[in-house]
Amino acid sequence: MPKCRFKDVKIAGIVTCVPPLEKCIDEELALFGGNLKQLERLKKTIGLSKRRVVDDQTTAADLCEQAALHLIAESGLPLKQVDAVICVTQTPDYSQPCNAAVLHGRLGLSKNCAALDVNLGCSGYVYGLWLAHTMIASGGCKRVLLLAGDTISRLVNAKDRSVAPLFGDGGSATLIERSPGAPVAFFSLQTDGSGYDKLIVPAGGARCPRSAETALAVEDEAGNFRSLENLFMEGAEIFNFSITEEPRAVKELLEYAEVETDAVDYFVFHQANRYILGNIAKRLKLDLAKVPMQTVERYGNQSSASIPCAICGELATAISDRASTQALLSGFGVGLSWASALVELSDLSICELIDYSA
Amino acid sequence: MLTPYIMDLETFIKNFEEAVEDVEVGTLAGETVFRSLEQWDSLAVLTVIAMVDGEYDVRLKAKELKQVETLAALHALIAAKKAA
């Protein structure tokens with residue numbers, strides 16, 4: 001796997017923005033055909049509980065914009081000093097132009113600024129961090145604004161139990177900057193494209209354009225309804241992938257960095273669900289106190305925004321109290337794609353979770 | 001060469017019963033058609049896959065769970081995969 005290390009680059013601030021509307025699985029008994037036992041099993045085992053979702057007017061770009069505005073205001077970052085903006089999303093406002101250009105305009109960034117999108121989901125935040133580190137380490141940029149967010153709730157069919165209760169929405173803004181003497185950051189990135197169809201929205205791209213047929217919701221053998229424009233997930237295969245590849249990737253990155261598992265302060269995994277996180281943690285024999293897991297129960301699986309949300313929502317106090325916080329971040333999912341990073345988090349000047357206001 | 005197999009059916013059934021939420025331990029047998037259980041759903045598929053991975057170090061696919069009928073047949077499938 002491609003592994004790399006960067007010197008003199010730091011993560012300077014993170015803000016995550018979540019929509020205010022909360023849904024709770026307890027209010028969705030009808031989705032489970034009134035089967036209370038099944039609902040209780042899902043709550044107990046998978047940890048499904050609450051999630052925050054957008055209305056049909058709000059997009060990932062809106063959430064990311066508010067996160068970015070807050071980050072800029074609180075950190076006093078001069079807009080003209082942003083050399084590049086990277087937007088990680090699978091739910092952009094338009095098929096073109098890219099969200100990064102749209103947000104570049106809305107934020108009023110300088111024309112001397114690169115702007116590009118990265119089409120990745122659950123692994124996307126770590127990929128975005130890696131890209132930002134690469135751009136800065138090469139000398140091309142001093143400051144990169146990484147905007148990672150998704151509104152997957154708008155892609156799921158409300159009558160599909162296999163995905164509807166899982167996904168929430170979120171947007172984040174992270175400032176990465178050149179900082180001589182900053183601790184070394186380590187990254188690894190991997191892909192298994194043969195599993196591209198295990199987590200997919202089949203229609204709406206060039207391969208299968210939208211039509212009356214793709215909009216039609218069809219019942220599957222398990223009694224779930226979805227159209228070709230909805231998100232489809234082969235849950236068991238994604239689960240298998242996660243518990244096979246994630247522990248291996250984490251171990252390999254720690255070996256590469258020559259860091260003992262115990263020396264890592266936090267393991268911030270993509271907040272898929274408590275069951276997957278618990279299984280990964282168990283296989284790595286991690287101390288559960290070091291593994292944030294509440295984010296997914298409060299906000300849902302937020303795709304590319306889940307790791308920054310877990311940092312802002314669960315670790316902000318802990319990392320500000322410490323001189324150093326070594327965190328292993330690891331995202332895995334659609335692609336199939338997975339990526340891990342070992343980074344320092346106590347250099348953040350801001351680490352905050354905010355509610356979106358329209 | 002096949003090594004003597006340490007995984008007995010009785011233990012496997014107990015592991016299965018513990019893996020599937022709401023199933024009482026001691027209620028299933030080798031001839032149980034597990035996919036007909038009231039508790040058998042997509043969640044049970046996950047928890048059984050996790051149990052098989054954790055206890056036997058075998059990666060079971062959801063598709064493979066659909067290709068066998070009874071717990072004894074599932075046990076044999078896992079044993080075969082383990083030996084392969």
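In what sense do E1(A) and strand E9 of chain A pair, and over how many bridges?

Mentor: This is a predicted model, in which local features need pLDDT of at least 70, side-chain atom pairs count only at pLDDT 80 or more, and totals for chains, interfaces and linings use all residues. Residues are numbered from 1 along each chain as its sequence is written, while chains are lettered from A and ligands numbered from 1 in the order in which they are written.

E1(A) and strand E9 (residues 185-191) of chain A pair in the antiparallel sense over 4 bridges; two strands pair if DSSP finds at least two bridges between them. Within this pair, A:Arg5 stands opposite A:Phe186 of E9(A). Helices (H or I, at least four residues) and strands (E, at least two) are DSSP runs, numbered from the N terminus.

Both strands belong to an open sheet of 5 strands in chain A, with mixed pairing and the order E1-E9-E16-E15-E14. Strand E1 (3-6) and strand E14 (266-269) of chain A are its edge strands, each pairing on one side only. From one strand to the next, the twist averages 15 degrees. H4(A) packs on the sheet and touches E1, E9, strand E15 (326-333) and strand E16 (337-344) of chain A. The direction of H4(A) makes about 60 degrees with that of E16(A). Here axes are lines fitted to C-alpha atoms, for helices over the stretch in contact, and angles run from 0 to 180 degrees between N-to-C directions. Contact requires that the C-beta atoms of two residues, placed from the backbone, lie within 7 Å.

Helix H4 (residues 124-137) of chain A contains A:Thr134. A:Thr134 is partly exposed, because 16 other C-beta atoms lie within 10 Å; the class falls between buried (20 or more such atoms within 10 Å) and exposed (12 or fewer), with C-beta atoms placed from the backbone. Although A:Thr134 and A:Val9 are 125 residues apart in sequence, their C-alpha atoms are 9.3 Å apart in space.

As for the setting, chain A has 8 helices and 17 strands. Its radius of gyration, 19 Å, is close to the 21 Å that the globule rule gives for 358 residues, so chain A is as compact as a globular protein of that length. That radius is taken over C-alpha atoms, and the rule is 2.2 Å times the number of residues to the power 0.38. Buried residues make up 53% of the 358 residues in chain A.
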